[in-house]
Amino acid sequence: MSLFNRKSLRSEGQTFDGQGNERTGFIDNVFVNLEKGCLLQRFPYDNLSTASRVTVQEGQQMVFMSEGMYSDTFLPGSHTLTTNNIPFLEKIMNIPFGGKTAFKTTLFCVSTKRQRFAGDDAGWGVGLTIRDFTLSDEGITIKVGAYGSYEFRIVNAIAFIREYSGTEHGIYLDSFAEEFQSAVSQRVVPALSKFFSQRKTSITDVNNYLPELSSFAKEEVNEYLEDYGIELTKFDVEGVNPIESDPNYQKILAAQTEAGAMDLESRALARKRQREGYSYQQERQFDVMQEAAGNEGTAGQMMGAGLGVGMGFGMGGVMGGMMGQMAQGAANAQPIPTPPAPMQVYVYADNQQSGPFDATQLKQLAVQGVLTKDTLVWKAGMPQWAAASTLPELSALFQPQTPHTPPAPPVI
């Protein structure tokens with residue numbers, strides 16, 4: 001620190017450096033060169049006057065204090081002490097001293113340069129418990145360790161003096177490290193917990209979002225440090241690592257391993273479908289038809305003959321419902337012998353082609369009103385589709401049924 005012990009800097013021709021009881025006069029000019037790593041320096045002289053000039057250098061702020069009252073903050077530049085910037089001067093202006101007013105005060109010089117700790121104090125590290133939402137909406141607790149680095153500066157000299165100066169004549173970076181790290185840790189732990197709860201980020205993915213996490217934590221911690229006159233100019237979260245032995249973390253790993261295997265299998269099947277030209281829905285229809293065709297009895301025979309294909313791809317509401325009833329009824333019925341050389345007729349109903357059907361099935365369709373005399377049908381050997389009534393084999397299905405009534409009973 002450079003101090004004004006030359007004649008040009010002191011009034012009344014005194015050249016004494018200001019120590020001891022021999023001091024007379026008062027200091028006309030005030031300036032301070034802070035040593036490297038010095039955050040706050042209390043000025044050792046208190047004999048100032050209302051004509052004193054204060055020079056504040058770049059990267060500094062100065063504050064005067066007397067009887068618990070603070071002056072305005074003096075920013076870089078040249079200032080003359082007046083009652084405008086030192087309110088408590090009004091109480092002592094009636095003390096004459098050679099045409100000037102002398103007063104005693106405490107002067108603090110504070111560094112506002114960006115500061116960064118060195119060595120073991122260069123970074124920060126905390127242990128905490130966060131809530132992970134990978135397995136459920138309620139989340140489970142995971143123990144983690146987080147670490148990173150930071151830089152800071154003093155932005156409010158008065159707030160910093162109130163919180164940290166006390167009876168200290170100087171505060172240096174190395175001695176301040178432990179106290180500052182404690183203040184940061186008090187806020188960074190709830191800040192990180194809040195990030196996980198709000199964003200629902202998985203612990204296994206968090207390192208992909210470190211810039212976003214750093215910005216979030218910086219804002220939260222700065223809000224806390226504002227009362228101390230300090231601002232983080234840089235705050236980096238460089239890693240958030242789970243405690244490997246934590247049982248809940250092992251559950252997350254196991255679940256993600258299983259999910260990853262299923263995802264790989266699903267993607268492989270999707271590529272297979274794409275190569276072979278069918279969709280997942282069609283694959284499921286194929287599976288249903290294959291299972292039905294393998295069943296014993298009439299239902300299996302119908303599906304194997306092609307009836308199930310029409311059902312699988314949709315024959316319309318009426319046809320589909322009717323066929324489902326037929327298949328269910330056939331499945332519950334006892335197996336019947338297959339007639340030799342069955343009739344094989346295709347039916348075109350509800351804008352859908354279905355079949356082939358044998359004589360028994362065609363009769364059921366006629367009874368249910370699906371097959372009428374005007375319904376188009378086709379069988380092997382026909383040049384084109386024709387109305388069902390034109391086939392001799394089917395014409396009997398559409399003949400009016402004459403009711404059979406018994407004769408009158410005999411008179412006895």
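R187 is partly exposed, with a relative accessibility of 26%. That value falls in the partly exposed class because buried means under 20% and exposed means over 50%. The model is predicted, and the values here are computed from it.

Start with where R187 sits. It belongs to helix α2, which spans residues 173–199. Now look across to N222. R187 and N222 are separated by 35 residues in sequence. In space, their C-alpha atoms are 9.0 Å apart.

Next, the contacts of R187. Leaving aside residues up to four places away in sequence, R187 touches E220, V221 and Y224. With E220 there is also a polar contact. It joins the side chain of R187 to the side chain of E220, at 3.2 Å.

Turn to the cysteines. How many disulfides does a search of the whole structure find? The search finds zero. A disulfide is a covalent bond between the sulfur atoms of two cysteines, so distance is the thing to check.

Take C38. Its closest cysteine sulfur is in C109, 7.8 Å away. The cut-off for a disulfide is a pair of sulfur atoms within 2.5 Å. The sulfurs of C38 and C109 are therefore too far for a bond.

Are these cysteines buried or exposed? C38 is buried, at 3% relative accessibility. C109 is buried too, with a relative accessible area of 2%.

Conventions:
Residues are numbered from 1 along each chain as its sequence is written. This is a predicted model: local features need pLDDT of at least 70, side-chain atom pairs count only at pLDDT 80 or more; totals for chains, interfaces and linings use all residues. Side-chain values use heavy atoms; hydrogens and water are left out. Buried means under 20% relative accessible area, exposed over 50%, partly exposed in between (1.4 Å probe, protein chains only). Helices (H or I, at least four residues) and strands (E, at least two) are DSSP runs, numbered from the N terminus. Contact means heavy atoms within 4.5 Å. A polar contact is a pair of N or O atoms within 3.5 Å; within protein, one must be able to donate a hydrogen and the other to accept it, and residues adjacent in sequence count only if both atoms are side-chain atoms.
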